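Student: I am new to this structure. Please take me through one part of it closely, and then through what lies elsewhere in the chain.

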Amino acid sequence: EPTAETLLDVRDITVSFDGFKAITNLSLQVPRGSLRVLIGPNGAGKSTLLDTIIGKVRPERGEVRFGGQVISRLPEHRIAGLGICRKFQAPGVLEGLTVRENLLLTARRNKGVLGILKAPSAAEHARADELLRLTGLTARADIPAGSLAHGEKQWLEIGMVVAADPELLLLDEPTAGMTAQETAQTAALIHTLAGRHTVLVIDHDMHFVELLKAPITVLHQGQVFREGNLETLRADPEVMEIYLGR
Ligand code: ADP
Ligand code: MG
């Protein structure tokens, strides 16, 4: 049930694609300032849920509320403007620019071409420095983004999303393709972010999920199958069954 602390309130939504129900009567509440993990087998509806939250996909039933306001009938750019950002929505990294230049530019994208051409102010440089520290990329600030390792590029993309200072940050499989060490660093980064933003992370790497130490919602066949912590879920034979594939 939603409370005063609920930031994201997904209420009984159903989402269909040509009659196929990708999500059925799903409800999910995420408290302000919390970190929530969403797991579930392939095709469970995880990405569709994020698409619905950001307004890319419309629920045929139910609604999504953000800070009490119904957002599920707003256009995508209005929802983004309210402070909901999904990582893959970040304008792609510009490989020929340095890491710092990418961060400086992102903070300006909404200011038009003239805004982009102006020299960055001291405050903008300070903000870029802060984002570099946050993402662990300070030592890489002046190399072309195209030379970053895969994991570093993912952190830069997270930094570019965080530059917009979203209230709700949605991350869809942020550790895909990462090494174990990069995965652990990503978990640490997400912990830092969760102190300042509300964060909803999708992943199915159990090692990563373990490091996040956050409440977990398990989706299965478009519905919430279980909610709980990792220990409880690991001890649940039905959860293990949908995970391990029968
Ligand atoms: P997950 O992210 O949990 O792997 P998805 O949300 O991507 O799952 O997909 C849920 C179900 O909806 C899958 O069966 C998928 O094939 C279907 N689906 C997702 N997007 C579309 C779409 N645009 N058109 C048709 N079917 C879709
Ligand atoms: Mg997905």
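Tutor: A residue is called buried if 20 or more other C-beta atoms lie within 10 Å of its own, exposed if 12 or fewer do, and partly exposed in between, with C-beta atoms placed from the backbone. Helices (H or I, at least four residues) and strands (E, at least two) are DSSP runs, numbered from the N terminus. This is a predicted model, in which local features need pLDDT of at least 70 and side-chain atom pairs count only at pLDDT 80 or more, while totals for chains, interfaces and linings use all residues. Residues are numbered from 1 along each chain as its sequence is written, and chains are lettered from A and ligands numbered from 1 in the order in which they are written.

Start with helix H1 (46-53). Its buried residues are Lys-46, Thr-48, Leu-49, Leu-50, Asp-51, Thr-52 and Ile-53. Because seven of the eight residues of H1 are buried, the helix is largely enclosed by the rest of the structure. Just after H1, Gly-55 has a positive phi of about 85°.

A residue counts as near the ligand if its C-beta atom, placed from the backbone, lies within 6 Å of it. The residues around ligand 1 are Phe-17, Phe-20, Ala-22, Gly-40, Asn-42, Gly-43, Ala-44, Gly-45, Lys-46, Ser-47 and Thr-48. Strand S2 (20-31) and H1 are the elements that give two or more residues to this shell. Ala, Val, Leu, Ile, Met, Phe, Trp, Tyr, Cys and Pro count as nonpolar, Asp, Glu, Lys and Arg as charged, and the others, Gly among them, as polar. By these classes the shell has four nonpolar, six polar and one charged residue.

The loop between strand S1 (6-17) and S2 holds Asp-18. Asp-18 has a positive phi of about 50° although it is not a glycine. Most residues other than glycine have a negative phi. Asp-18 is exposed, with 4 other C-beta atoms within 10 Å.

Elsewhere, helix H3 (residues 99-106) packs with two other helices. Axes here are lines fitted to C-alpha atoms, for helices over the stretch in contact, and angles run from 0 to 180 degrees between N-to-C directions. Angles under 35 degrees count as roughly parallel, over 145 as roughly antiparallel, 65 to 115 as roughly perpendicular and the rest as oblique. With helix H6 (residues 150-162), the angle is about 25° and the axes are 9 Å apart. That makes H3 roughly parallel to H6. Two residues are in contact if their C-beta atoms, placed from the backbone, lie within 7 Å. Between these two helices, Val-99, Asn-102, Leu-103 and Thr-106 of H3 meet Leu-156, Gly-159 and Met-160 of H6. This contact has four nonpolar, three polar and no charged residues.

With helix H5 (residues 122-135), H3 packs at an angle of about 120°, the axes being 9 Å apart. H3 and H5 are therefore oblique to each other. Arg-100, Leu-103 and Leu-104 of H3 make this contact with Glu-124, Ala-128, Leu-131 and Leu-132 of H5. Five of the residues in it are nonpolar, none is polar and two are charged.
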